[in-house]
Amino acid sequence: IRNLPGGDALPLVAVSAHFGPLDEARLSPLGFTEFLHKPIDAEALLRTVSALMVGPAQLPADEHRSVLVVDDDPVLRRLTSLRLELLGFKTETASDGAAALEIARQRPPDVIVSDVLMPLLDGFGLCQAIRREPGLASVPVVLVSSHYLEPEDADLGLRAGATRYIARSSGTDHVTDAVLDALANPRAPLGADELSAAADDLARAHAVRVSRQLE
């Protein structure tokens, strides 16, 4: 299907009752768009198919908007990029916060979507670094996590400068919804003085949340 004319843009959903085949599909260079595990809830299936059938003409004119997707999991990084590209966004990817910061400095994106738990520089640290960069301070940052899920984690993310903080769930609709919402309703970025004044408090809170994850 991918080799057919127009097949590269056709949404493809992989479905299986076994995790093995789904894992292979996730890593396949063929490029599945979404992955569903049987038994499939009818409402979830309808939601997935409906989301994939939305045409670019029904979406805001974001054809020239760019999104930097940051995640150390290559599967999640690719899935998120594919879904955003289906909406008309241009995407670039990075595997950790430090690499993402360098890319953003060279090619400032319109939005950053970042995992929280990553090596070298995590999502909290990336947010603070972005807010300190004069050319990037106003860029919306959507933090996504499947580990930092307590209210204190979301509070830390927002205090660090995130525009939106969401829990990761199956599929990618929640991420794309957050990206569109962040663009439509941007949050006023924290100023450099505000971040500096709160730096020690944020560092302590960050250490507490990391310790919580280790426990």
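Which residues of helix 6 (residues 151-160) are buried? Before getting there, a word on what you're looking at. This is a predicted model, where local features need pLDDT of at least 70, side-chain atom pairs count only at pLDDT 80 or more, and totals for chains, interfaces and linings use all residues. Residues are numbered from 1 along each chain as its sequence is written, and side-chain values use heavy atoms, leaving out hydrogens and water.

Now for helix 6: its buried residues are D153, L156, G157 and A160. Buried means under 20% relative accessible area, exposed means over 50%, and partly exposed is in between (1.4 Å probe, protein chains only). Look down the axis of helix 6 and these buried residues fall within an arc of 100°, so they line one face of the helix. That arc is taken from the directions from the helix axis to the C-beta atoms. The spacing makes sense, because an α-helix has 3.6 residues a turn, so residues three or four places apart point the same way.

L149 counts as partly exposed because its relative accessibility is 48%. L149 and I166 are 17 residues apart in sequence, and their C-alpha atoms are 8.5 Å apart in space.

Let's step back to the whole protein. It has nine helices and seven strands, which are DSSP runs (helices H or I, at least four residues; strands E, at least two) numbered from the N terminus. Of its 215 residues, 44% count as buried. The protein exposes about 11,200 Å², and carbon and sulfur atoms supply 57% of that; such areas come from the Shrake-Rupley method with a 1.4 Å probe, and for residues only the protein chains shown count as cover. Take the contacts (heavy atoms within 4.5 Å) between residues at least 6 apart in sequence: 62% of them join residues at least 24 apart.

Finally, head for the start of the chain. Strand 1 (13-16) has A14 and S16 on its covered face, with V13 and V15 on the uncovered one. Strand 1 pairs with strand 2 (residues 34-37) in the parallel sense over four bridges, where pairing takes at least two bridges found by DSSP. One of the links is between V13 and its bridge partner in strand 2, E34. In the segment before strand 1 you'll find L10, which counts as partly exposed because its relative accessibility is 42%.
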